[in-house]
Amino acid sequence: MQLTGIYPPLATPFVNQELALDLLAENVRKLAPTGLTGFVALGSNGELPALTEAEKLHVLETVVTNSPGDAQVIVGVGYESTKQALAFISQAAGRGAQAALVLPPSYYTSALTPDVLRDYYIALADEADLPLLIYNMPANTGINLGPDVAVPLAQHPRIIGMKDSSGNIVQITDVIRQTQDEDFAVMAGSASFLFTSLCVGATGGVAALANLAPRECVQLFEYFKRDEISQAREMQYRLMAPNAAVTTRFGVAGLKAAMTLCSYHGGEPRHPLAPLPPDQHETVRAILAEAHLLPAGEHPSVVAASASAER
């Protein structure tokens, strides 16, 4: 499995707080022809912690069923024990996932030393039914998977890569430097540092922004591959403000609002996450408009209604 290109960590649509698989299917089918390499189901932006076990499998099945045959489907995994993670990965493999993007356990933070974390991933890789990617998301887990963890794990034949969402480009560079002789792909975890990560050897990105601006994210990657560096850099500049709006600034609610504005099914996050207030909808709309990401004919008057008009 070659990890290269752009993958959106798919948002999970809800209607009246219930899973809306039909809307998820429509999003996947609309995203499919945009040049994406594949999809991440059940990532952080998919509200993984808010889903029941049955819902997780339904989401994965929907993504697999509606993806084109050549699309890679990676499943997000986040559990506090090796036993739980292995059980879910086994079920995910049986439903068509091709790799697992695995968060570290994080509840017993003080006990999760680099040795313990390395042992966790090795135990999973030795037994799991899917190849693994390490998922470094310190903003959510409180744990940073730095080179002391990632570099030794890159030697395991079943650990094929890493998504690093830390934004620490020095750390990303160091991991790439120390693993360049391994068959190990490092993926930028955000469109905000996609260009910079590619410059130091990343093979692509898993970017929330690709849920609503897939062609632009893919275009940045393609520019870089063709050595059109100035064009890639300009696209990176263009995507900075929209990416911040749907990640650090407004979070999942901002991502879903932006998706709705861009004619995808976003809607509201699952409680207790709150929907975006109307004034912040307007801010997101203005940011998207400035970056030329809104569909033709989009008008501010639709903003207040669009968040709930999902069917």
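Glu53 is partly exposed in this predicted model, with a relative accessible area of 39%. Its salt-bridge partner is Lys56, and the closest N and O atoms of the two lie 2.8 Å apart.

**Pair within helix α2**
- Glu53 and Lys56 both belong to helix α2 (residues 53–66), where a spacing of three residues separates them by about one helical turn.
- Lys56 counts as buried because its relative accessibility is 6%, whereas Glu53 is partly exposed at 39%.

**Pair between helix α2 and the α11–α12 loop**
- Glu55 forms a salt bridge with Arg270, with 2.8 Å between the closest N and O atoms.
- This pair links distant parts of the chain, 215 residues apart: Glu55 is in helix α2, while Arg270 is in the loop between α11 (251–261) and α12 (278–290).
- Glu55 counts as buried, at 12% relative accessibility.
- Arg270 is likewise buried, its relative accessible area being 11%.

**Pair between helix α2 and the α3–β6 loop**
- Glu61 forms a salt bridge with Arg95, the closest N and O atoms again being 2.8 Å apart.
- Glu61 lies in helix α2 and Arg95 in the loop between α3 (82–94) and β6 (99–102), so their contact ties together parts that are 34 residues apart in sequence.
- Glu61 counts as partly exposed, at 30% relative accessibility.
- Arg95 also counts as partly exposed, with a relative accessibility of 30%.

Key. Residues numbered from 1 in each chain as written. Predicted model: local features only at pLDDT ≥ 70, side-chain atom pairs only at ≥ 80, totals over all residues. Heavy atoms only, no water. Salt bridge = Lys/Arg side-chain N within 4 Å of Asp/Glu carboxyl O. Helix = DSSP H or I, 4+ residues; strand = E, 2+ residues; numbered from the N terminus. Buried < 20%, exposed > 50% of the residue type's maximum accessible area, 1.4 Å probe, protein only.
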